[in-house]
Amino acid sequence: MLDTFHLGIRVTSFLMKANDMNEHRKIPRVHLDRRLDETVRIGPSYQEIVRKDLVQPPADLLEHHLYPEECRPIDRERFFSPQFQRLEVEKMWSRVWQFACREDELPAAGDTVVYELGDMSILLIRGRDNVIRAFHNTCLHRGTKLCHADTRLAEVRCPFHGFTWSLEGDLTDVPSRWDFPFIDDKKFRLHEVRVELWGGIVFINLDRNAPPLKDYLEVLPEHFIGCSDYSQKYVKAHYRKRLECNWKAAIEAFIENYHSLETHPQTVCFNADDNTQYDVFPGARHVSRFLIPNGAQSPHIEKTLSEQEIFASLFEFMAPGSQPPPLPEGMSARHYLAELSRGAAHQATQRDYSTCSDIEALDPMQYLLFPNIIIFRGLGIPLIYRFKPVGNDPDACTFEMYVMEDLPANGARPEPPEVEDFGDQSFRQAAHALPAWLREVYDQDTQNLAMQQLGLKAGGPKDVWYSRQHESRNRHFHDTLDDYLSR
């Protein structure tokens with residue numbers, strides 16, 4: 001997945017115009033030569049790697065907070081039980097802050113987004129006063145759904161009997177009003193849902209007693225500043241794909257780097273998978289992250305690669321068949337790649353990135369905001385993932401990807417793109433705006449998930465287990481979910 005080598009599309013095009021990779025190219029044998037002793041982790045830690053960086057990072061990226069809880073089994077039925085999914089809706093989805101849309105998707109008065117999860121349907125509307133509000137998508141007369149798809153409205157009008165509300169939720173018209181003497185206009189407003197904004201993202205919460213969004217976000221606001229400020233980015237592309245697996249299984253596949261050796265062996269020469277750092281911050285319920293060192297080889301391969309070989313392996317991965325340039329004298333692959341990333345970002349936006357640290361320029365820095373949002377920090381490719389159940393089906397979910405881009409120096413904000421929904425097609429067939437190497441990786445990830453869902457239901461052991469370090473974020477995720485379900 002992109003999480004494992006999040007260098008960036010811009011660097012690829014900055015280096016050269018890459019040709020599409022072959023559909024099924026062979027992996028060099030060195031990628032598969034695993035070391036014999038797997039009983040202890042070898043090689044430098046993430047912190048030992050980044051201490052050598054030329055441009056040092058903010059203080060929080062020099063911290064490490066491994067989740068300390070003991071490993072415990074998880075009942076696999078939570079991934080396919082309809083009863084468990086209903087419990088999630090009742091106890092969890094009804095009380096958490098949810099990413100409903102980007103503010104970019106509601107640029108003008110009357111712009112409307114329909115956000116749905118399970119049976120829940122919410123209207124998000126920008127009013128004539130420029131305020132974004134959210135309402136339950138149901139007529140207060142006899143319950144008809146008011147709006148079926150994203151659109152632009154002049155008013156909110158029930159298609160059944162014509163009850164009408166303003167964009168701000170006030171009742172404005174009742175046909176044959178004389179027959180409803182009991183209606184009090186002030187009490188017959190559309191029922192509002194809480195709305196708050198952060199980083200250009202519009203969040204909703206069905207629980208009127210939930211803590212404010214700023215508390216729910218925990219460390220995110222202080223970590224997503226500077227070149228990671230999502231309010232200074234726009235949506236460049238928006239993809240949606242159906243996955244034949246539970247939403248929890250899908251999101252879990254993207255919050256650990258343990259699978260890279262087996263699923264993405266083409267990355268191990270430049271992606272130090274076993275040296276990934278996983279963090280759950282003290283007292284955190286909703287936020288975790290991982291930090292992956294790029295420009296360094298995996299300790300799973302026996303051969304010690306030169307800096308030129310590490311750089312060439314990444315270059316070949318992104319631009320197969322091309323000839324990589326030599327590294328500047330005295331520069332490591334990691335340092336040079338960070339320089340290229342900063343230069344490519346400047347070329348694209350004309351903004352100054354000279355103080356952006358090597359970590360922020362190069363490494364995948366991925367945060368999970370419970371329950372279903374993944375957001376990337378840094379320059380590589382700013383991305384947001386969202387995972388949602390499909391209706392009430394525990395065996396299917398949607399995976400959405402927002403590809404973000406920094407606003408140009410003049411601050412002009414482009415029109416939001418249409419969502420490209422390619423159903424169950426592969427990324428290679430559908431997401432042509434993504435480079436071929438990235439489509440290949442997403443296909444590798446998502447092909448695993450259908451097989452996992454089938455295996456979870458195939459009988460045998462009752463439990464699944466997670467490792468102490470690589471899958472620590474998975475354990476924290478389930479601990480938080482259990483906390484919501486127990487209250």
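1. The chain has 487 residues, for which a compact globule would have a radius of gyration near 23 Å; the value for the chain is 24 Å, which agrees. The radius is taken over C-alpha atoms, and the globule rule is 2.2 Å times the number of residues to the power 0.38. Along its principal axes, the C-alpha trace spans about 85 × 60 × 40 Å.

2. This is a predicted model, in which local features need pLDDT of at least 70 and side-chain atom pairs count only at pLDDT 80 or more, while totals for chains, interfaces and linings use all residues. Residues are numbered from 1 along each chain as its sequence is written, and side-chain values use heavy atoms, with hydrogens and water left out.

3. The chain contains 13 helices and 20 strands. These are DSSP runs numbered from the N terminus: helices are H or I with at least four residues, strands are E with at least two.

4. Of the 487 residues, 57% count as buried, meaning under 20% relative accessible area with a 1.4 Å probe and protein chains only. The chain exposes about 20600 Å², and carbon and sulfur atoms supply 51% of that area; the areas come from the Shrake-Rupley method with a 1.4 Å probe.

5. Contact means heavy atoms within 4.5 Å. Among contacts between residues at least 6 apart in sequence, 70% join residues at least 24 apart.

6. Seven strands form an open sheet in the order β2-β11-β10-β5-β4-β3-β6, and the pairing is antiparallel. The edge strands are β2 and β6 (151–152), each of which pairs on one side only. Two strands count as paired if DSSP finds at least two bridges between them. In general, strands of a sheet pair through backbone hydrogen bonds.

7. Ser357 is worth a look among the loop residues. It lies between α9 (333–349) and α10 (358–362), and Ser357 counts as buried because its relative accessibility is 0%. Leaving aside neighbours within four places in sequence, Ser357 is in contact with Val55, Gln56, Pro57, Pro58 and Arg342.

How values were computed: Buried means under 20% relative accessible area, exposed over 50%, partly exposed in between (1.4 Å probe, protein chains only).
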